Amino acid sequence: MGRKDILSQINKIFIDTLDNSDINIEETTQATDVDEWDSLTNILLIVAIEKKFKIRFTSKEIQSWSQVGAMIDTILTKF
Amino acid sequence: MNSFLQLKKNLKNDFSNLKIIKVAILGDTATQFLTQALKGLGYDNSINLEIWEADFNQIERQVFDLSSELYEFKPEIIIVFQSSHKLLSKYNKIKPNQHVSFATNELVLIENIYSNLTNNLDSKVIYYNFTEIDDSIFGNHANKTESSFLFQLRKLNYELMSLASKKAKLYLCDISSIQNQVGKLNFFQASIYINTEMVLSIDVLPKIASKTIDLINALNGTFKKCVIIDLDNTIWGGIIGDDGIENIQVGGLGIGKAFSEFQDWIKKLKNRGIIVAVCSKNTESVAKEPFEKHPDMVLRMEDISVFKANWDNKADTIRQIQNILNIGFDSMVFLDDNSFERNIVRENIPEICVPELPEDPANYLEYLYELNLFETVSFSNEEADRTRHYQIDTERVKDYQKFTNEDDFLKNINMLSDVQPFNKFNRPRIAQLSQRSNQFNLRTVRYTEDDIERISNSNACTTFSFTLEDKFGDNGLVCAIILNKENDKTLFIDTWFMSCRVFKRGLEKFVLNTIINFAKENGFVTVKGEYIPTDKNAIVKDHYVNLGFEKEQNYFSLEIQNYQDKKIYIKIKK
């Protein structure tokens, strides 16, 4: 799976989890760019992404992302 | 079961017409998601949980500071969630020589929390018990070592149960059993815990919320009272009409063990006071034969309150059962292996609970355990007698049909009532009836046993309780009255509730005579009553008007000097 596929899958997860169909994330998107994305909903996103890709993030990885691109980097290391 | 995200989406719905229940949540870990799950699941249960959530890790401060926000909020229900992880941290910090008394000391703290809450608030307390963590310091030897964490944690859970059995307003929510059911790996996600202080996984939140709301519903008087069972392939394997009594599977034959164990479960429910009724498409005599003659049947005719075997539509048959039992459809569970029958019943009687029994009878029990259908907040020996009461009711209905009018019937059944003030013997039953009565309940103010004790010791209140027996049997205590002296002239009926078992016997007239006699002897001029409507008590909407009260704004009043004793067929039991 390429970066683009992963990004579009993640976008779907964001829309569903944050319950906002207008969300359109990119690799450079940060938490501050999306209203509903806070420290609490971040957990929901992480768990949903883990489920979708059947992976588990380590606790350090969860802390490390500054933007969506970094998240994708981590996901790619799991395959 | 809905996912957490689905529950979260419920939060956007309109809660304005739902019954409000004020709940406080005190936790030593982050509880925001739990709050959202409870609120969202509340919506599916038609309740608007108005939740106040204490800041993270503030249990002691909120409880021991009487000027805290908690006491200002005045919740009806307080949920206390102390996590096993925090418990373990505490254990880790104390000196090893204190480990052996760890559970005892924790229990003292919990007891203090409970007494502070209940002494200063009119609230019920729901305590989450502790999910097991084995820190593997001793291996299996932890079970032989009193100072091990596992030993102390299990001891604490046991002592909590023991405490709850003594404290009327303490209820345990058994989240430890949820962890046993789903497994610790699904209950708890370490990476999330390390980052956020959240100890509950996202997937387990709906289960925790559900177990909690089962308890809240039961505290609120919403719970199941009756299970209606199908016969063929539900309580035995095979079809009695085709296979015959020798070939149905129960006991040793075929997969009979699955059905025998299922019957054991139904029997235990019956012993707990759940009414068991049968609804089967069968010829009655054929359907009854196994109950009477099969050596391996666990259920017998005396366990069944209403037995209906016929070829009618099951929805119609269940309506007949409801008519005899006189309880709400929403307090009934219908168990049938046949999805066609389940759907017919569901479509025609949406209030009734119809579990989607698994195809393999071997899975019936595990599936039903998980649903936790029969939550309750009380248990007494009286409840265990319920089956007998309803069997008597069935006879009474038969006898009633022989009389052309009601008066003749009532005259002939020799009714006696024992009238007593509330006392230490009848208080548990009165409290129980106060929690259970939905239909014949004029104001639906629920009282616990503590409340009832307080009321019976108060000078401003006068109390009456009524039993009712007749030639068919004794119904036990079925009605309670609390009268408040509003002023020298006016007596207010604070509470009037009656068991649905004794509708249409003229007991309400007998009760009114008793109230008026008391009022007369004590110099009152007016008796005043009030009707507060709920979803379920429409049956007493015109209660006071029917008894001759005049409606005055929101109240009903009766001038004592104009009162003529009502004609009744009930005599006072000497």
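The following questions and answers set features of this predicted model against the definitions by which they are named.

Residues are numbered from 1 along each chain as its sequence is written, and chains are lettered from A in the order in which they are written. As this is a predicted model, local features need pLDDT of at least 70, side-chain atom pairs count only at pLDDT 80 or more, and totals for chains, interfaces and linings use all residues.

Q: What confidence does the predictor assign to chain B, and where in chain B is confidence lowest and highest?
A: On the pLDDT scale, which is the predictor's confidence in each residue, from 0 to 100, chain B has a mean of 92, and 98% of its residues reach 70 or more. Confidence in chain B is lowest in helix α18 (residues 381-384), at a mean of 63, and highest in β9(B), at 98. Where pLDDT is low, the predicted coordinates should not be read in detail. The model scores are ipTM 0.90 and pTM 0.73.

Q: What makes up the contact between chain A and chain B?
A: Two residues are in contact if their C-beta atoms, placed from the backbone, lie within 7 Å. The contact takes eleven residues from chain A and ten residues from chain B. On the side of chain A that touches chain B, α2 (39-53) and α3 (59-64) each supply at least two residues, and α2(A) gives the most, with four residues. Helices here are DSSP runs (H or I, at least four residues) and strands are runs of E (at least two), numbered from the N terminus.

Q: How do the residues on the side of chain A that touches chain B divide?
A: Ala, Val, Leu, Ile, Met, Phe, Trp, Tyr, Cys and Pro count as nonpolar, Asp, Glu, Lys and Arg as charged, and the others, Gly among them, as polar. By that division this side of chain A has six nonpolar, four polar and one charged.

Q: How do you know what span to expect of helix α2(A), and what do its end C-alpha atoms show?
A: The expected span of a helix is 1.5 Å times one less than its number of residues. For the 15 residues of α2(A) that span is 21 Å, and the end C-alpha atoms are 21 Å apart, which agrees. Just after α2(A), A:K54 takes a positive phi of about 50°.

Q: Which residues of α2(A) are called buried, and what do they pack against?
A: A residue is buried if 20 or more other C-beta atoms lie within 10 Å of its own, exposed if 12 or fewer, and partly exposed in between, with C-beta atoms placed from the backbone. The buried residues of α2(A) are A:I43, A:L44, A:L45, A:I46, A:V47 and A:I49. They pack against α1 (3-18) and α3 of chain A, together with α10 (190-196) of chain B.

Q: Why is B:A460 called exposed?
A: B:A460 has 10 C-beta neighbours inside 10 Å, so B:A460 counts as exposed. B:A460 lies in the loop between α22 (449-457) and β12 of chain B. Not counting residues up to four places away in sequence, B:A460 touches B:N484 and B:K485.

Q: Why are β8 (306-310) and β9 (332-335) of chain B said to stand at the edges?
A: Two strands pair if DSSP finds at least two bridges between them. An open sheet of four strands in chain B has the order β8-β7-β6-β9, with parallel pairing. β8(B) and β9(B) each have a single partner strand, so one side of each is left without a neighbour in the sheet. Strand β6 (residues 226-229) of chain B pairs with β9(B) in the parallel sense over four bridges, and B:V227 stands opposite B:V333 in β9(B).

Q: What makes β11 (residues 419-420) and β12 (residues 461-470) of chain B a pair?
A: Two bridges join β11(B) to β12(B), which run antiparallel, and pairing requires at least two bridges. The bridge partner of B:V419 in β12(B) is B:F466. β12(B) also pairs with β13 (residues 473-485) of chain B in the antiparallel sense over nine bridges, and β12(B) and β13(B) form a hairpin with two residues between them.
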